[in-house]
Number of protein chains: 2
Amino acid sequence: MASTTDSSQLSDRSLQLFKALVEHFIEDGTPVGSRTLSKDSNMGLSPATIRNVMADLEDVGLLHSPHTSAGRVPTAKGYRLFVDSLLRVNALNSSQVAKIARELAPESDYSSLILRASSMLSDVTQLAGVVMLPRPKQSILQHIEFVALSSNRVLVILVVNDREVQNRIINTDKTYSTSELQKISNYLNELFAGRDLTQVRKSILEELEKMKEKVNQSMQSAIEMAQQALDSDVTKDKSDDLLFSGQTNLMDVAELGAADKLKKLFESFNQKRDILHLLEQAINADGMQIFIGEESGYDVLDKCSVVTSPYEADGQILGVLGVIGPTRMHYDRVIPIVDITAKMLGAALNSKN
Amino acid sequence: MASTTDSSQLSDRSLQLFKALVEHFIEDGTPVGSRTLSKDSNMGLSPATIRNVMADLEDVGLLHSPHTSAGRVPTAKGYRLFVDSLLRVNALNSSQVAKIARELAPESDYSSLILRASSMLSDVTQLAGVVMLPRPKQSILQHIEFVALSSNRVLVILVVNDREVQNRIINTDKTYSTSELQKISNYLNELFAGRDLTQVRKSILEELEKMKEKVNQSMQSAIEMAQQALDSDVTKDKSDDLLFSGQTNLMDVAELGAADKLKKLFESFNQKRDILHLLEQAINADGMQIFIGEESGYDVLDKCSVVTSPYEADGQILGVLGVIGPTRMHYDRVIPIVDITAKMLGAALNSKN
DNA sequence: GTTTTGCACTCTATAGAGGACAGTGCTAAA
DNA sequence: TTTAGCACTGTCCTCTATAGAGTGCAAAAC
């Protein structure tokens, strides 16, 4: 397949017609016939001429007929050409930008910001939104804090990696006073802040050993509580996090072959893994990525396209976000939306100003 | 309509047949005919006899024929009788109980616990799970804490109402040291801990006035940061929170009249309000509640039933959880699942031991 | 040589007809 | 009171015919 070079062998007229066809199809969803295109393209060409052109386009693999007497439909390769060379992206109107900005106001905390980015993407594109939060290779403990709740219950607050805040409640043997907890917090922060969590955990075990010898009540409490605090929760799932929203938007996309296929897409664990892999690809190739239909390599995403963009703050890539929808989507709208959402999310997460 | 009294006027035999019919229909989803029921009920009655009985049941409004030559289907009133008087609830097998217990292990923090309860409900019932978290009438500030992030950025952690932890990041004019923040935290906790947030906010404004006069640098910082911290986020949405999961489960429930109706159910704001109202009803009438079809009064929930149970911890009702599914659901399985989930969620949220 | 017209051909979608099927209600017999 | 028999009714499925959309090709027009 001498793939991309083909487009250069095509005349301007062919490309123009091809573009009109793709646009028409994206709008309509029905295969486009020569007659329709003749009127639609406003080029003063008769259907017969257009039939000839379309036959050529089919030969180079940009179009496809579902059957002899249907119109033509773009292939994945066709979409590729369209997206790469023909598409003119619409600038977002200011009200849309304003909406995105409003939703991603930097006041909110990390996790709710990410949640909102996802639901906003799905909302404004009417497709499924997805955000990946890769597990950082290492987790730097920034701050640990204990707050007394009712008797025997202590709230542990961990600040990890500068952004992420984790809470959990632990049950203790005795009831600690606020000042005791204060001391314990101080001690642990002094000892462990700025270090990697796995290291911290190892150190804690060592400390516990030492404690056995010279008994220091308060410090022993501290270490024991730290152990409990770090016990299960913190690094428990090593897998990356994936966050979907707006799955129901895909329900009225007819071409995705009935509801149950798409139901599977979001329910089976394996499918999620596929999507995760795709997004991991996207995070490595920097900048906006568009995966069209089968070319993604995952047949779960057969008739789907995925438009992604990494988001970054403080010059560091934090994750990937994007949308999943039918290959026949409004790329001209979707692309700038994904783009700007990534930028705004990044800005909101940024230390900034 | 002399509604519930009717059931007493029916013979045992009628009720037994009715029960068999409902059970069959719940299993099958197809209208049940006299011939089928004759074999199914094992009562040695001919189809003709059963036809007579079914005609009676239809007269009192428990059954309904979709058309002349279809079998019978229970009405909402029929389900009501079935659920109230005829249903024998299955005890959960231990593996199911274990699964629920595992998911709701009390180690996790508040919000993730609630999230899990919802997704677990949908998972194990194969219906849509829903959890309501009513906004408490008042928010008692339990603890406020500041953690320095990078320069000019401070993480604020608020513990409210004994369970709820809120994080947000604020940008400050100057860079605070850890010990400064420590002091500020201490000061604010001393001043405001245990008080209602709206009160706190009022007090802060008053304090700011006072500050204008006698300038006390550190304390002024404290008050200003507190103001920023409480500014928008904390009580911003006064509405109750509603949490859905497993909506896609409802997609293969054929009788709910196509996908788009149910798509609406979860996407339109208005529909959510309806569900919210329903759940608010459920929280007032204590104990398990079952709303069947149209009797809920909300026609969004036309062919749906909602099974709910409030969950409580420390003797206080915290919210309502439950499932939404077709009227034709396995009440015998769903009811105990909702029941035990509510109990276990309560237990996990409890101060406990 | 390129474009258009005309025409035969192909495939789909839709509507209607007819039969199989399931189930009813009624009447008369057990 | 229950059962058997029977005519009746509505649904669902299959089959067929037809209209419509669109193609490809050959010959004519530009």
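Visitor: Which residues come nearest to DNA strand D, and what makes a residue count as near a strand?
Guide: In this predicted model, 21 residues lie around DNA strand D, and G33(A), S34(A), S69(A), T49(B) and S69(B) come nearest. A residue counts as near because its C-beta atom, placed from the backbone, lies within 6 Å of the strand. Helix 3 (34–41) and helix 4 of chain A, together with helix 4 of chain B, each give two or more residues to this surface, and the largest share, 4 residues, comes from helix 4 of chain A.

Visitor: How do the residues of the surface near DNA strand D divide into nonpolar, polar and charged?
Guide: The division is 6 nonpolar, 12 polar and 3 charged, with Gly counted among the polar residues.

Visitor: Which residues come nearest to DNA strand C, and which helix gives the most to the surface there?
Guide: Of the 22 residues around DNA strand C, those that come nearest are A48(A), T49(A), S69(A), G33(B) and S34(B). Helix 4 of chain B gives the most to that surface, with 4 residues, and the surface as a whole divides into 6 nonpolar, 13 polar and 3 charged residues.

Visitor: Why are the buried residues of helix 4 of chain A said to line one face?
Guide: The buried residues are I50(A), V53(A), M54(A) and L57(A). Seen down the axis of helix 4 of chain A, they fall within an arc of 100°, and therefore they line one face of the helix. An α-helix has 3.6 residues a turn, so residues three or four places apart point the same way. These buried residues pack against helix 2 (12–28), helix 3 and strand 1 (63–64) of chain A, whereas the face turned away from the buried side carries the exposed residues A48(A), N52(A) and D59(A).

Visitor: Which residues touch the most other members of the largest nonpolar core?
Guide: Of its 64 residues, A117(A), L321(A), V323(A) and L345(A) touch the most other members, and helix 13 (residues 331–349) of chain A gives the most to this core, with 10 residues.

Notes: Residues are numbered from 1 along each chain as its sequence is written. Chains are lettered from A and ligands numbered from 1 in the order in which they are written. This is a predicted model: local features need pLDDT of at least 70, side-chain atom pairs count only at pLDDT 80 or more; totals for chains, interfaces and linings use all residues. A nonpolar core is a set of buried Ala, Val, Leu, Ile, Met, Phe, Trp, Tyr and Cys residues joined through C-beta atoms within 7 Å. A residue is buried if 20 or more other C-beta atoms lie within 10 Å of its own, exposed if 12 or fewer, and partly exposed in between; C-beta atoms are placed from the backbone. The arc is that of the directions from the helix axis to the C-beta atoms. Two residues are in contact if their C-beta atoms, placed from the backbone, lie within 7 Å.
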